Amino acid sequence: TLRLICTTTAVQKRNVGASGPEKYTEAFIKKQIEEFNLGKRHLANMMGEDPETFTQEDIDRAIAYLFPSGLFDKQARPLMKHPTEVFPEQRKIQWGEDGRPFHFLFYTGKQSYYSLMHETYEKFLNVQKHQDQLTAQDLPLQKEKRNLAGSRWLTKIELEEMLLEKVSDDDYSRFILLLQKLVALPCADIEEKYIQKFSKEVPVQLQKVVIEPLQHDERGVAFSTGEGKRKTARANAVVYDSGTGKITVNGIDILHYFPVLQDREQLLFPFQFLGRIGKHDMVCTVSGGGRSAQAGAIRLASARALRSFVTEKEVEFMRQAGLLTVDPRVKERKKPGQEGPRRKFTWKKR
Amino acid sequence: DDKLLTEPLSHPDFFSVKELFTLKDLFDARVHLGHKKGCRHRFMEPYIFGCRLDHDIIDLDQTMQHLQLALNFTAHVAYRGGIILFVSRRRQFCHLVESTARACGEYAHTRYWQGGLLTNAHIQFGPGVRLPDLLIFLSTLNNVFEPHVAIRDAAKMNIPTVGVVDTNCNPCLITYPIPGNDDSPAAVELYCRLFRMTIIRAKDKRRQSEAVEELQ
């Protein structure tokens with residue numbers, strides 16, 4: 001069979017997209033930095049300012065003044081930044097003039113990842129050797145437990161950023177397994193600095209809810225405040241420790257503010273639950289929402305205020321009764337193509 | 001410059017490679033131990049001295065000759081500033097081989113071999129790559145006990161190969177096979193030491209000759 005040698009020009013056309021994103025040489029970046037510095041001085045001169053103390057903010061202001069643009073997208077407007085921020089960080093050419101690559105693992109393809117594995121394994125062997133020396137001298141191996149709860153390993157994306165090359169899922173999991181093996185050894189404290197490069201602190205999320213202590217006003221009466229919300233209503237309640245069970249909302253008595261029995265029941269529920277109906281006075285302010293939402297908001301605010309008057313066990317009872325939980329239900333949005341949040345348009349067969 | 005390159009070729013053993021090892025060294029490093037009779041490869045039969053209780057023993061006289069030729073060849077390649085790539089797919093010796101390569105100033109590949117590394121280099125690495133001028137195999141088999149893909153690729157790209165072939169390996173496509181054990185740590189450490197010494201010797205000699213030339 002004859003092989004077709006002279007082909008059409010369409011086949012010979014160089015596939016520009018296949019070579020990947022544009023690669024910048026070091027000389028090109030250097031030139032861009034020089035041009036940027038020169039341009040900065042020219043700009044300072046033009047604006048009548050001192051070229052030595054011309055900061056990036058001044059540059060942005062000057063450019064916005066000289067080239068006003070009404071474009072919506074901020075990134076489409078004229079921009080003058082340092083070339084290191086404009087051109088993404090790239091791998092420079094990996095070999096010298098005579099063609100010899102710089103890194104000894106260049107021919108593997110993933111040189112930074114494999115050199116990282118090589119280094120980590122070397123640390124592992126070091127720790128094992130140290131352990132053997134200690135056992136030969138019959139010394140006890142140190143075992144200080146590393147705090148595993150407060151730290152996490154680097155994520156795959158962070159590792160990729162560190163190595164400047166793509167890391168596959170298998171490679172990443174292998175690296176993490178190797179690090180875990182290293183940490184599991186008794187004498188791993190020697191390589192603590194190296195391990196810290198790959199672990200990050202995780203802030204402790206669970207925080208014990210602090211119950212505020214009672215405050216005293218001018219007359220010596222103990223009181224405490226609480227905030228609550230429900231749908232769009234926001235309420236602030238102040239609960240006093242004195243005698244009668246008087247409740248005032250926005251300066252108006254509850255009988256007049258909440259004519260409906262259901263709302264007043266909601267307000268009194270925290271007190272009824274704790275059995276302190278006639279013992280506390282309450283003054284609260286509420287805004288937003290509707291009648292039921294305002295009632296729910298005040299209920300939550302008063303329950304939160306009552307925590308300061310009550311033992312921890314009763315606080316736990318209140319929490320289990322649902323008095324201290326914020327009600328997350330809000331009005332669901334209407335979707336296009338439907339009549340309401342869930343209701344669809346009437347389906348017509350024809 | 002011409003004299004620098006042609007002078008070593010006139011001597012049979014310019015780098016005096018024979019002094020680096022003796023038969024006793026090879027025996028102590030257990031290089032003569034092969035695999036069992038069932039694992040024997042047909043093309044390794046000329047290199048096998050005999051079989052004792054189903055265990056193959058490699059002929060160390062032949063190994064000496066092959067090793068000397070191979071070391072001489074690597075020394076010449078290193079003298080001319082060629083790129084040497086150490087290849088081994090054995091997990092036990094991966095770290096050792098990489099450290100040897102680093103100590104010599106040469107390159108190593110002891111990880112998973114991606115298909116187009118040698119044959120598709122211009123696309124994988126970028127235009128203008130220089131391919132290795134010599135491949136050294138510390139173990140010709142990969143993790144599934146099949147011949148390493150790099151042997152075939154090097155033969156395709158006309159790159160000479162030096163390889164340690166055990167009794168279950170195929171010595172066909174390797175230019176300078178070295179029949180010997182590739183499983184014992186002692187044997188592999190011996191090979192690493194020998195290659196490292198030859199390469200460092202050759203590079204030192206090159207620097208000396210260049211210095212002498214510059215003085216003249």
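Which residues in helix 1 of chain B meet residues in helix 7 of chain B? Lys3(B), Leu4(B) and Leu5(B) of helix 1 are in contact with Arg206(B), Ser209(B), Glu210(B) and Glu213(B) of helix 7, where contact means heavy atoms within 4.5 Å. By class, this contact has two nonpolar, one polar and four charged residues. Ala, Val, Leu, Ile, Met, Phe, Trp, Tyr, Cys and Pro count as nonpolar, Asp, Glu, Lys and Arg as charged, and the others, Gly among them, as polar.

This is a predicted model, in which local features need pLDDT of at least 70 and side-chain atom pairs count only at pLDDT 80 or more, while totals for chains, interfaces and linings use all residues. Residues are numbered from 1 along each chain as its sequence is written, chains are lettered from A and ligands numbered from 1 in the order in which they are written, and side-chain values use heavy atoms, with hydrogens and water left out.

**Helix pairs**

Helices (H or I, at least four residues) and strands (E, at least two) are DSSP runs, numbered from the N terminus. Helix 1 of chain B covers residues 2-10 and helix 7 of chain B covers residues 185-215; they pack at about 135°, with axes 11 Å apart. Helix 1 of chain B is therefore oblique to helix 7 of chain B. Angles under 35 degrees count as roughly parallel, over 145 as roughly antiparallel, 65 to 115 as roughly perpendicular and the rest as oblique. Axes are lines fitted to C-alpha atoms, for helices over the stretch in contact, and angles run from 0 to 180 degrees between N-to-C directions. The crossing of this pair in chain B is right-handed.

In chain A, helix 5 (residues 111-136) and helix 7 (residues 169-184) have axes that come within 10 Å and cross at roughly 15°. These two helices of chain A are therefore roughly parallel to each other. Among the residues in their contact are Tyr113(A) and Phe124(A) of helix 5 and Asp171(A) and Leu182(A) of helix 7. The residues of this contact divide into ten nonpolar, one polar and four charged.

**Helix 6 of chain B**

Helix 6 of chain B spans residues 149-156, and its buried residues are Ala150(B), Ile151(B), Asp153(B) and Ala154(B). Buried means under 20% relative accessible area, exposed over 50%, partly exposed in between (1.4 Å probe, protein chains only). The cover over these buried residues includes strand 6 (134-137) and strand 7 (161-165) of chain B. After helix 6 of chain B comes Asn158(B), whose phi is positive, near 60°.

Leaving aside neighbours within four places in sequence, Ala154(B) is in contact with Leu118(B), Leu135(B), Ile159(B) and Thr161(B). Ala154(B) and Phe195(B) are 41 residues apart in sequence and 20 Å apart in space, C-alpha to C-alpha.

| Residue | Relative accessible area |
|---|---|
| Ala154(B) | 0% |
| Gln338(A) | 16% |
| Ser302(A) | 0% |

Gln338(A) lies in the segment after helix 12 (312-321) of chain A. Apart from neighbours within four places in sequence, Gln338(A) is in contact with Arg343(A), Lys344(A) and Phe345(A). Ser302(A) is in helix 11 (residues 291-306) of chain A. With neighbours within four places in sequence left aside, the contacts of Ser302(A) include Ala237(A), Pro270(A) and Met282(A).

Conventions:
A crossing is left-handed if the near helix is turned anticlockwise from the far one by less than a right angle, and right-handed if clockwise.
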